[in-house]
Each structure stands twice: as C-alpha cells, then as structure tokens.
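Here is a friendly walk through a structure, from its overall build to its aromatic rings. Please keep the view open as you read.

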Amino acid sequence: MNIVIGTSGLFLLCLVAVFLTLSRPVLANEAVAKIRKLSAILLSLHIIHFAEEYVYQFFIQFPAMLGLEPWPEEFFALFNILWIMVWALAILGIRLYPRISIFPLWFLAIASVANGLFHPLISITQAEYFPGLMSSVFVGIVGVLLLQRLFRATKTAE
C-alpha cells in the first residue's frame, strides 16, 4: 500500500498527460525532429537522475518522509527502468506512431518539471540534501523546454 500512496502524485501527473494527449492529438510533422532531440537529452538526464536517486536511496528516504515503510529496492529500480524504456521507445517511435508516442513524451515533460520543483522544495524544507536534488534542476529546466515545445507542436483536432 505504501507504494500506491508514494506514487500517487505520479499518477495524477499521468492523468494530466492523458488529458493533453487527448485534447491536443495533432502533432506538426516539422516539429518531430526537434522534439526527438530534446526528449533524448531529457531521457539522458533522467537516467542520471535515477542513478542519483538510487545511490542516495530515494526509495528509503521519500517513503520515510511520508511516514511509510521503505520501498523495495527492486521495485524502485524496475519502476524507473520501465519508464526509461517507455520514453526511449516513444522517442524512437514518434515519427511512425505519433499518436501513441506523444503520451509518454507529455508525461516525460510533466514529470520532469515536477522533479525540478519537488526535489529542491523538499531539500529546502528539510534544510539538507534530498536524493535526486543535484540532477533534478537540469531535469526540470529541460522538462520546461520540452513542455513548451510540445505545446507549440501540438494542437486540437479540427
């Protein structure tokens, strides 16, 4: 149950990505190359971010902050690796399957912005380093850039 509670914020962000995917389904073809490049950069940053969180035991410290038991290390690793794979497939597939690929990229952008805000805020409130802080700043900045690019490149169906 602690995993469900601890990841509920990501579920809400996922719902926002679903809404954006459904409400802005048309992707301009000329924007695909730029979205792919920016998404690939952001994916690379997320891999670094995951490594930082893993090494400094986010899976123990974050649940503890919520008064929950630590997450199993295997769950945390698998959860992150699966999302990295989904994002990589979306980046690779956006040319051929833009309607399928756009959802994971919206989620990548939204989750990145959330990470860029979340980690520094937690560190400030705790007055100490919180796992993922260093890389979250870069993830957040590039997440904002991808979010802007996605908004410019998509539109509602006519």
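What follows covers the model, the fold and the aromatic pairs.

## About the model

This is a predicted model, in which local features need pLDDT of at least 70 and side-chain atom pairs count only at pLDDT 80 or more, while totals for chains, interfaces and linings use all residues. Residues are numbered from 1 along each chain as its sequence is written, and side-chain values use heavy atoms, with hydrogens and water left out.

## Overall build

The chain holds 7 helices and 2 strands, in the order α-α-β-α-α-α-α-α-β. These are DSSP runs, with at least four residues (H or I) for a helix and at least two (E) for a strand, numbered from the N terminus.

Of the 158 residues, 46% are buried; buried means under 20% relative accessible area, exposed over 50%, and partly exposed in between, with a 1.4 Å probe and protein chains only. The C-alpha atoms fill a box of roughly 50 × 30 × 25 Å along the principal axes.

## Aromatic pairs

The structure holds 20 aromatic pairs. Rings of Phe, Tyr and Trp (its six-membered ring) pair if their centres lie within 6.5 Å; planes under 30 degrees apart are stacked, over 60 edge-to-face, and the rest tilted.

Phe58 and Phe118 pair edge-to-face, at 6.5 Å centre to centre and 70° between the planes. Phe58 sits in helix H4 and Phe118 in helix H6, 60 residues apart. Phe118 is partly exposed at 26% relative accessible area, and also pairs edge-to-face with Phe130, at 6.0 Å and 85°. Phe130 lies in the loop between H6 and helix H7, so this pair ties together parts 12 residues apart in sequence. Phe130 is buried, at 0%.
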